Amino acid sequence: MSAVADDGSGRRGLSAGAFAPLLACLGLLVAWQIGAMLLATDSIPTALDALRAVPDVLLSRDGLINILDSIRRMVIGLAAAVVVSIPLGLVMGRARAVAAFFNPILMVIYPVPKAALMPIIMLWLGVGDLSKTLVIFLAVTLPIIYHSFEGAKAVEEKMIWSGAAMGMSRAQIMARIVLPAALPEILAGCRTGLVLALITMVTSEMIARKSGAGNILFNALDMGQYDTVFAMIIVVGALGIVLDAAFDRLRRFLVAWSETRQDIPLSFS
Amino acid sequence: MRATLSRDIALGIVPIILIGALWQAIVVFGYAPPSLLPPPGAVFTRLAQQLVGIDFLSQAGATLLRLFVGFAIAVVLGIGIGLMAAVHRGVDAVVRPLVRVLAPVPKVALYPALLLLLGFDHASKIALVAADALFPILLSTYYGATTIEQKLVWSALAAGTLPHQVLYKVVLPAALPSILTGCRIGLVISCIVVFLAEMISSTDGLGYLLVRAARSFQTVDMFVPLISISLLGLALNGVLYCARKVLLRGFPEV
Amino acid sequence: MYHGLRKAGTRSKVEEASPGAAALAAPPMIAIEGVSQTFKTAGRKEHLAISNVDLEIADGAFVSILGPSGCGKSTLLYIVGGFVMPTAGSVKVRGRAVTGPGPDRGPVFQEFALFPWKTVLGNVTYGLRQQGVPRFEAEERGHKLLAMVGLKGFEAFYPKELSGGMKQRVAIARTLAYNPSVLLMDEPFGALDAHTRTRLQNDLLEIWERDRKTVLFVTHAVDEAVYLSDKVIVMSRSPGRIKQVIDIDLPRPRRRAELLLDPHYQKYVVDIERLIEDAPEDAVHT
């Protein structure tokens with residue numbers, strides 16, 4: 001066992017960069033293919049069938065519009081959430097009264113799936129973009145607030161004292177000391193937010209069918225077009241992986257100075 | 001110390017009261033029709049009524065069942081795989097890339113596949129809950145197990161612990177704080193996911209109740225399941241918090 | 001009078017402070033032969049931490065390993081403990097090759113490494129329970145040990161509730177519990193304040209006097225090494241080699257108040273400090 005005796009190299013696990021995850025993808029696809037062939041039911045197409053259906057979905061005008069709509073809503077919701085949540089979280093982290101004020105209500109909202117608010121919000125705001133974007137916004141704010149809060153809380157008091165001694169105002173201290181110091185934790189929250197945004201996007205579209213990837217997914221399910229169903233699963237899954245990888249790049253660039261944890265993403269943390 | 005605690009509690013209740021008051025005001029002053037936004041009194045009365053009704057309780061029971069079973073599976077698998085990957089290079093090499101690929105995929109997108117594979121009843125929802133709650137638990141276990149103090153293991157080995165015992169005698173207890181944090185996250189996710197799955201396609205459960213009420217435009221009935229899942233989440237969180245206090249009584253606060 | 005300092009590179013047999021024909025005939029307690037340790041650093045470069053160390057340590061000797069930071073002294077200790085495998089060379093304890101950790105070589109670490117999920121008593125009885133000693137008896141022995149290290153009454157406490165000095169006492173009790181023949185101590189008092197350090201040094205000597213286990217004591221504090229040991233092994237800067245072995249011929253039991261004023265003690269400390277400062281080639285001649 002590697003925990004037992006150390007040969008002194010101090011490294012654990014081999015990571016062959018991007019090679020291993022690609023291999024894992026391939027392995028999963030192969031397992032799927034074999035499983036589907038063994039099951040031999042219409043409702044579970046083989047991996048190859050699904051893959052063949054992917055270009056059909058992506059390249060059809062309808063499919064492309066739907067997917068772009070989804071991404072657009074997600075981006076807007078994410079952006080708005082980031083702008084609102086980070087400052088709020090930071091202030092909560094440094095001002096105990098603010099934290100005490102917001103914490104309980106946030107804890108009450110947390111277990112409620114924001115996509116579940118869709119039916120009610122749909123009644124108020126209709127089935128258009130606004131309701132779905134709002135729900136994504138709500139879903140993403142929570143983890144970012146929480147992580148900004150934790151990150152700001154953990155900033156060393158002495159760093160802040162140094163800033164105050166240099167004559168910085170509270171706002172300056174927030175922007176120039178607390179924010180950068182808490183950035184690793186904030187970015188972990190953003191990563192979680194990204195995952196939640198994706199999920200909320202898909203589920204909100206599953207509930208309020210008008211446009212979007214979730215819409216295609218469930219329409220296809222209703223109509224028995226199983227190839228399309230699985231093709232959309234692949235598309236959404238790929239979207240998640242690509243966005244997460246891109247975000248990781250960004251994160252590493254921004255916080256190259258800090259000692260980050262191992263590279264496995266923490267979803268929902 | 002006590003003064004600040006009661007001040008904190010007071011501060012925390014304020015927004016809840018404010019929102020309640022705002023809610024009531026909106027309804028009373030007619031800014032929104034009662035069909036769109038029922039008054040808080042009506043909602044909570046309905047909630048109280050439902051909570052003693054057999055029908056509601058059996059629906060809630062179905063949700064709870066799926067939640068618990070799915071969460072339990074996620075806990076067992078997550079901790080098991082996480083620990084193995086942390087101590088065994090071979091397992092690590094296989095698990096890491098798989099997690100890297102699967103973790104960012106919104107498992108709810110797989111839900112249609114699960115429905116087709118496992119049917120529309122409990123199994124598909126339990127599977128979805130397990131799939132979603134698995135990763136945070138696995139990751140925290142892995143993180144906790146790989147960051148334990150090496151010298152703890154050495155001390156245990158020198159004291160006569162056999163290599164195969166190290167995993168459950170040292171690594172597991174030492175990683176417990178991290179594991180429990182992952183479990184808390186996994187629990188919240190389980191609440192969220194089970195509700196969503198029931199909303200998307202189910203014939204019973206709290207999520208189903210929400211969709212049913214929506215279809216028949218019973219706004220009051222729509223609020224009830226939402227508040228229920230929130231209360232459920234809070235209650236379960238509370239239980240986990242107590243468990244954490246007991247299990248981690250020897251650990252310094254982090 | 002104190003013995004002369006021997007030059008580096010020679011095979012150094014460390015004799016007991018109280019010579020006896022039987023002691024010389026018996027095999028050394030610890031035999032370190034040609035041990036080298038190379039680490040691979042992050043940039044795939046190789047770092048030679050220890051280079052070709054030969055050392056023999058007799059049963060019952062209290063031996064300190066002294067050196068500047070990074071000279072590999074802790075690594076050497078870990079190799080003897082079986083926690084780290086040397087890249088070259090071998091270690092034999094009582095004639096048997098070391099292949100891994102074991103209860104014959106008990107460690108005490110600077111960071112205490114107590115099990116946070118166990119109480120003080122739980123920590124101390126751990127080794128005994130591992131050996132299959134039944135719970136009641138293990139706890140009885142645990143109580144005795146804790147009393148011996150001055151922690152009577154703290155059995156139900158958790159490590160987090162103890163001060164640094166108390167934690168180290170628990171760690172020592174925990175290791176003594178499974179009765180190792182060799183005590184491997186890695187800068188055990190380095191994390192403690194000066195006053196606690198002095199108290200623990202004296203307590204350690206008192207405990208050691210009772211059954212005279214073999215002790216390998218790593219430290220960077222010259223005065224500590226001279227105060228406690230029969231032999232001081234000075235290691236050079238990285239890559240770590242044995243620079244010199246110095247016999248400490250001071251009377252036992254060591255009394256701090258007397259020793260601090262003893263010119264022999266003072267000369268040892270001054271000479272060894274100078275030795276550590278010097279370039280590798282220099283050796284202090286008598």
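Predicted model: local features only at pLDDT ≥ 70, side-chain atom pairs only at ≥ 80, totals over all residues.
Side chains of opposite charge can pair when their charged atoms come close. Over all chains, the structure holds 27 salt bridges.

## How α3 and α8 of chain A cross

Two packed helices are described by the angle between their axes and the distance between the axes. For α3(A) and α8(A), the axes come within 8 Å and cross at roughly 145 degrees, and the crossing is right-handed. On the side of α3(A), the residues making the contact include Ser70(A), Ile71(A), Met74(A), Leu78(A), Val82(A) and Ile86(A), while those of α8(A) include Met174(A), Val178(A), Ala182(A), Ile186(A), Cys190(A) and Gly193(A). Sorted by class, the contact between α3(A) and α8(A) has 17 nonpolar, two polar and three charged residues.

## How α4 and α6 of chain A cross

Helix α4 of chain A (residues 96–109) packs with helix α6 of chain A (residues 129–153) at an angle of about 145 degrees, and their axes lie 11 Å apart. The crossing of α4(A) and α6(A) is left-handed. From α4(A), the contact draws on Ala99(A), Asn103(A), Leu106(A) and Ile109(A), and from α6(A) it draws on Leu142(A), Ile145(A) and Phe149(A). By class, the contact of α4(A) with α6(A) has six nonpolar residues, one polar residue and no charged residues.

## The surroundings of Thr228 in chain A

Thr228(A) has its place in helix α10 of chain A. Leaving aside residues up to four places away in sequence, Thr228(A) touches Val57(A), Ile216(A) and Ala220(A). Although Thr228(A) and Pro45(A) are 183 residues apart in sequence, their C-alpha atoms are 9.5 Å apart in space.

## The interface between chains A and B

The size of an interface is often given as the accessible area lost when the parts come together. Chain A and chain B bury about 6,300 Å² between them, with 77% of that area on carbon and sulfur atoms. The contact takes 67 residues from chain A and 69 residues from chain B. Between these two chains the count is one salt bridge, and Asp248(A) forms a salt bridge with Arg100(B), the closest N and O atoms being 3.7 Å apart. The count of residue pairs in polar contact between chain A and chain B, with both residues at pLDDT 80 or more, is likewise one.

On the side of chain A that touches chain B, at least two residues each are supplied by α1 (19–39), α4, α5 (118–125), α8 (170–207), α9 (213–222) and α10 (226–254) of chain A. Helix α10(A) gives the most to this side, with eleven residues. The residues of chain A that touch chain B divide into 48 nonpolar, ten polar and nine charged.

## The helices of chain B

Taken along the principal axes, the C-alpha atoms of chain B fill a box of roughly 75 × 55 × 30 Å.

## Backbone features in two loops of chain C

Most residues other than glycine have a negative phi, and most peptide bonds are trans. In chain C, the peptide bond from Arg252(C) to Pro253(C) is cis, with omega near 0 degrees. Pro253(C) lies in the loop that runs between β11 (242–247) and α8 (256–261) of chain C.

Asn179(C), a residue other than glycine, has a positive phi, with a value near 50 degrees. Asn179(C) is found in the loop between α5 (164–177) and β8 (182–186) of chain C.

Conventions:
Residues numbered from 1 in each chain as written. Chains lettered and ligands numbered in written order. Heavy atoms only, no water. Axes fitted to C-alpha atoms, helices over the stretch in contact; angles between N-to-C directions. Helix = DSSP H or I, 4+ residues; strand = E, 2+ residues; numbered from the N terminus. Left-handed = near helix turned anticlockwise from the far one by under 90°. Contact = heavy atoms within 4.5 Å. Nonpolar A, V, L, I, M, F, W, Y, C, P; charged D, E, K, R; others polar. Buried area = accessible area lost by both parts, 1.4 Å probe. Salt bridge = Lys/Arg side-chain N within 4 Å of Asp/Glu carboxyl O. Polar contact = N/O pair within 3.5 Å; in protein donor to acceptor, adjacent residues only side chain to side chain.
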